[in-house]
Amino acid sequence: MKCERIPLGAQGAYLDTYFLADSPELKAGACRPAVVVCPGGGYAYTSDREAEPIALALCARGFHACVLRYPCAPARFPAALRALAEAVAWVRAGAAENHVDPRQISVCGFSAGGHLAGSLGVFWNAPFLAAETGLAPQDMRPDKMVLCYPVITGGEFAHKGSFDNLLGADADAARRAEVSLEQHVTQDTPPAFLWHTYTDPGVPVENTMLFAMALRRAGVPFESHIYSVGGHGLSLANELTENTAGAGVQAECTGWVDLAAVSLLDELFPVLGRTAVLYELGDFPVTLPNVAIQLALAGAILWVQLRGANVCAS
């Protein structure tokens with residue numbers, strides 16, 4: 001594994017890489033999809049629980065991964081967004097060297113990190129971001145998004161602390177609307193995988209539902225999972241990311257990683273993606289029989305682990 005720390009230009013931001021090593025036993029030029037991980041922390045800090053454990057879980061499923069440590073308060077918008085845009089562009093620019101498929105570079109964010117990942121999804125082609133970064137929009141565009149119990153809205157269901165840290169406590173409703181992601185989804189927003197828990201006490205589940213409805217209206221493909229139980233900040237939802245208070249383990253939610261891996265690959269395996277969970281506007285997810293899902297997941301995970309046969313586009 002190629003692990004490096006890459007300094008980025010935005011206020012001390014950096015990227016930790018977890019690139020799976022090439023091998024002479026693999027086909028020459030083999031490449032894999034990559035995911036840039038944005039830990040949560042309410043834009044006050046970046047959580048270790050949603051950083052390296054997520055990267056390693058993705059690597060175990062055949063993905064390259066990078067963890068972004070982005071600027072937090074007192075830094076204000078768009079400092080963190082600039083860092084993420086630079087991170088995605090850096091991964092894409094080095095795709096050949098690091099055996100990354102430049103057509104499959106996704107972002108994965110948790111809580112406030114979900115807001116950051118979603119922000120790049122809706123603002124990647126906004127003129128202000130090109131002016132801020134000096135990058136071409138296509139270089140910083142994420143191909144897909146994985147948004148985990150994300151902060152989305154600055155309105156009725158806002159996580160106030162995140163928006164206070166992002167914009168300042170004195171930001172008015174109009175300023176918060178400017179970074180309420182459900183108001184900025186267009187047909188250019190990349191496809192998304194979202195998950196949340198109905199009982200989340202920190203970031204209301206309506207955040208995910210508002211974003212899903214906005215994607216639906218814009219005609220953007222997405223997959224949404226609403227688990228009936230679970231607190232906020234679950235990360236992997238297993239013992240590996242249990243917090244110091246003994247919380248953060250929710251067996252019902254541990255399957256999200258495998259479901260997300262399937263969704264990230266669904267351009268090549270469409271029957272394993274959008275058909276695994278069907279979402280209609282205003283309804284909760286309707287799942288296929290458990291046996292069918294398990295068979296689909298097993299096949300997809302095996303395939304991504306063997307994906308070395310794919311050759312990078314020039």
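**Notebook: charged pairs and rings**

I started with E86, which counts as buried at 14% relative accessibility (buried means under 20% relative accessible area, exposed over 50%, partly exposed in between, with a 1.4 Å probe and protein chains only). A note on my source: this is a predicted model, where local features need pLDDT of at least 70, side-chain atom pairs count only at pLDDT 80 or more, and totals for chains, interfaces and linings use all residues. Residues are numbered from 1 along each chain as its sequence is written, and side-chain values use heavy atoms, with hydrogens and water left out.

**Entry: the E86 pair.** Which side chain does E86 meet in a salt bridge? I found R82, at 2.8 Å from N to O (a salt bridge is a side-chain nitrogen of Lys or Arg within 4 Å of a carboxyl oxygen of Asp or Glu). R82 is partly exposed, at 26% relative accessible area. I also see R82, E86 and E132 linked in a network of salt bridges.

**Entry: other salt bridges.** My search of the whole structure gave 12 salt bridges. One of them joins R69 and D48 at 2.8 Å, N to O. This pair links distant parts of the chain, with R69 in strand β4 and D48 in the loop between β3 and α1, 21 residues apart. R69 is buried at 16%, whereas D48 is exposed at 55%. K160 and D164 meet at 2.7 Å, N to O, and both lie in helix α7 (residues 160-167), four residues apart. Here K160 is exposed at 52% and D164 is buried at 15%.

**Entry: rings.** I then searched the whole structure for aromatic pairs and got 10 (ring centres of Phe, Tyr and Trp, its six-membered ring, within 6.5 Å; planes under 30 degrees apart are stacked, over 60 edge-to-face, the rest tilted). Y43 and Y70 are edge-to-face, 6.1 Å centre to centre with 70 degrees between the planes. Y43 sits in the loop between β3 and α1 and Y70 in the loop between β4 and α2, so the pair ties together parts 27 residues apart in sequence. Both Y43 and Y70 are buried. F123 and F128 are edge-to-face too, at 5.5 Å and 70 degrees; F123 is buried at 7%, while F128 is partly exposed at 35%. I also noted one aromatic cluster formed by F110, Y149, W195, Y227 and W256.

Definitions and conventions:
Helix = DSSP H or I, 4+ residues; strand = E, 2+ residues; numbered from the N terminus.
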